[in-house]
Amino acid sequence: MDLELLTQLTQAFGPPGYEEEIRAVIREVVTPLADSVWVDPLGSLVALKRGTGGGKKTVLAAHMDEIGVMVTYVDEKGYLRFTRMGGISPLMHIGGRVRFADGTVGVISVERREDSSKIPALEQLYIDVGASSREDAPVQVGDPAVFMRPLVAQGRRLISKTLDDRVGCYVLIETLRRLGPTPDDLYFLFSVQEEVTLSGARTSAYKIDPDMALAVDVTMTGDTPKALPMAVEMGKGPAIKVQDSGMIAHPAVRDLLIAAAERAGIPYQREILLGGSTDAAAMQLVRGGVPSGCVSIPCRYVHSPSEMVDVTDVEQTVALLSAALAPA
Amino acid sequence: MNRDALLELLYMLSNTPGTSGDEIEVRRALRPHLEGHVESLRVDAMGNLIAHKKGTGAHDLRVLLTAHMDEVGLMVVDHTGEGALKVATSGSIDARLLPGLEVRVGPQARPGVIGIKAIHRADEDENVIPVSALTVDIGAHDREEALELAPIGTRITFATTAHPLGQLVAGKAFDDRAGCAALVALLQGPPLPCDVFGVFTVQEEVGLRGARVAGYTVAPAAAFVLEGTIADDLPKEEEGSPTSEIGKGPVLTVMDRSYVADPRLVRLVIQVATAAGIPYQFKQPGIGGTDAGTIHFTREGVPAITLAIPCRYIHGPVALLDPQDLEHTVALLRASLEQLTPEVIQRP
């Protein structure tokens with residue numbers, strides 16, 4: 001496990017639409033590994049590894065963008081109000097910190113409320129950058145920010161902000177690093193704006209016009225106290241998507257992944273996610289339709305600043321993709 | 001275009017009825033103001049009016065500019081035995097503002113009134129009457145007459161006639177006839193360095209539908225969406241963020257519910273506004289959606305931004321705007337397009 005790379009990936013700035021920094025990190029790593037690398041109009045990065053066969057095209061997509069916040073108002077005293085970039089819950093963020101593109105750090109806190117037993121609305125939260133007035137505040141309306149938390153490796157577990165979906169980006173990079181010759185042309189797509197509109201994967205898949213598309217993303221687990229029942233656990237291997245709330249995996253794609261896992265002796269789990277979706281939902285519907293599926297890394301506390309994954313799951317996801325794409 | 005001509009155009013467009021899917025009169029009203037100023041003018045399968053204005057040849061960027069023709073309104077869905085019309089909303093309308101309003105029904109713009117219980121007979125604590133319980137009175141004597149005058153599917157719009165109001169102007173459908181007026185003003189001006197496709201779109205209010213296919217057809221390198229947007233700058237109980245404010249210039253979208261504006265275009269517009277001394281403001285991020293929401297994800301992706309004229313009381317019978325904001329929007333759009341070069345949006 002290349003923890004140095006994963007640290008770099010998780011800590012790089014990249015809320016939806018503002019992926020320059022994370023794109024630069026990934027671009028530097030993949031450029032020597034790919035036959036060609038380009039950036040699409042909305043900002044998605046594509047690394048092409050040419051195949052040896054008849055030129056069938058397969059897309060592997062992991063999104064570069066991360067959830068974040070955007071300033072909606074700076075009050076007279078210099079406190080900031082904000083809105084969500086992607087799905088964030090007030091419960092997860094009070095007492096946490098955010099970082100703006102220029103490095104400015106803010107603390108998220110909440111107004112005093114009559115009934116403090118209730119979960120506050122996002123409108124009741126504010127960010128304190130330590131300013132003393134509106135004029136003194138180093139940020140303005142429209143500035144995006146991301147949550148802060150370092151990467152910690154503890155035994156076989158990894159804890160960090162933005163494992164969603166930088167661990168997917170990591171899996172794509174590791175797959176590109178290790179993969180030998182493959183029959184298909186492989187398009188490693190590091191997409192933008194997944195957390196808001198899936199627009200990056202949708203538009204890049206349109207351009208590529210692939211024969212098959214796979215998303216590589218995190219999924220939730222059912223293994224925490226009183227979790228919503230879900231048959232995916234952290235540490236039990238990569239999850240092969242059957243369906244989620246935005247997509248039903250193409251049965252042939254799903255079975256191709258299952259067959260590869262069984263052939264290679266990689267443990268796997270069948271995934272049904274009731275709330276949430278991935279880039280595969282958008283890629284499936286471009287042009288005349290694309291057979292699509294998804295390989296998920298089981299992840300606890302998705303969309304919190306402290307997401308948790310298992311190292312073995314990550315490594316086995318790389319192994320599964322390699323087995324599926326380069327059949328021996 | 002001078003202010004008088006611009007306001008005359010705005011008034012004419014505001015007074016023209018055109019709900020989603022029934023934009024034919026707006027399209028017809030726009031045509032004579034575009035002919036002679038653009039190289040071609042055509043209508044696509046959805047009803048979008050597409051005007052192509054060739055650039056000076058300075059570079060080969062294709063730029064899509066849109067403003068939507070449709071307005072919110074009502075549609076006839078049934079008739080009562082007494083000859084009144086049952087209606088549903090077309091686009092989002094606050095049911096609280098409807099009772100007692102004067103409306104125009106169908107292609108003949110037949111006068112109608114939305115029924116209201118006399119205050120003498122109303123319960124003091126009566127709740128908001130849902131649209132499904134409202135009826136529109138067109139003076140028909142019975143069901144047969146109502147059916148003939150306003151069959152199911154007939155469009156209903158607010159009856160407002162546009163007029164000056166102090167330093168402001170008042171009218172219906174400023175969302176988005178203000179954007180349409182701004183786009184006409186731009187297209188009537190001299191050619192720009194880029195190739196411009198000015199598209200007057202359909203069905204924005206019901207799901208950004210016309211813009212989606214227009215984005216596909218034009219396949220532009222960048223898109224600028226023109227809107228009439230929410231101004232909620234009236235006094236509030238506590239200090240808070242207005243969506244936008246009247247008189248403070250064109251409103252830039254950084255992010256709304258439908259998309260994230262391209263940061264490079266946002267920077268460009270800010271630089272241009274600053275250099276030209278044109279005031280501007282940000283729309284409160286995270287609110288509303290515009291045609292950019294479907295344009296940006298067409299084909300290989302389209303960097304997009306929304307410029308809007310701040311309007312009070314949109315989606316109601318009378319909206320207000322400041323003519324200066326309208327003029328500034330035209331000026332800022334033109335200046336931004338003059339500075340838009342391939343370098344601004346290229347991805348090295």
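1. Conventions. Residues are numbered from 1 along each chain as its sequence is written, while chains are lettered from A and ligands numbered from 1 in the order in which they are written. In this predicted model, local features need pLDDT of at least 70 and side-chain atom pairs count only at pLDDT 80 or more, whereas totals for chains, interfaces and linings use all residues.

2. Domains of chain B. An automatic or database domain assignment divides chain B into domain 1 (3–71 + 172–345) and domain 2 (73–158). The centres of the two domains, taken over C-alpha atoms, are separated by 32 Å. Their contact (C-beta atoms, placed from the backbone, within 7 Å) takes 11 residues from domain 1 of chain B and 13 residues from domain 2 of chain B.

3. A helix pair in chain B. Helices here are DSSP runs (H or I) of at least four residues, and strands are runs (E) of at least two, numbered from the N terminus. The axes (lines fitted to C-alpha atoms over the stretch in contact, with angles from 0 to 180 degrees between N-to-C directions) of helix H4 (residues 174–188) of chain B and helix H8 (residues 323–339) of chain B come within 9 Å and cross at roughly 50°. Residues of H4(B) in the contact include B:Ala178 and B:Leu186, and those of H8(B) include B:Leu326 and B:Arg334.

4. Contact between chains. Chain A contributes 26 residues and chain B 20 residues. Strand E4 (68–74), strand E5 (80–85) and helix H4 (199–208) of chain A each supply at least two residues of the side of chain A that touches chain B. H4(A) gives the most to that side, with five residues.

Definitions and conventions:
Contact = placed C-beta atoms within 7 Å.
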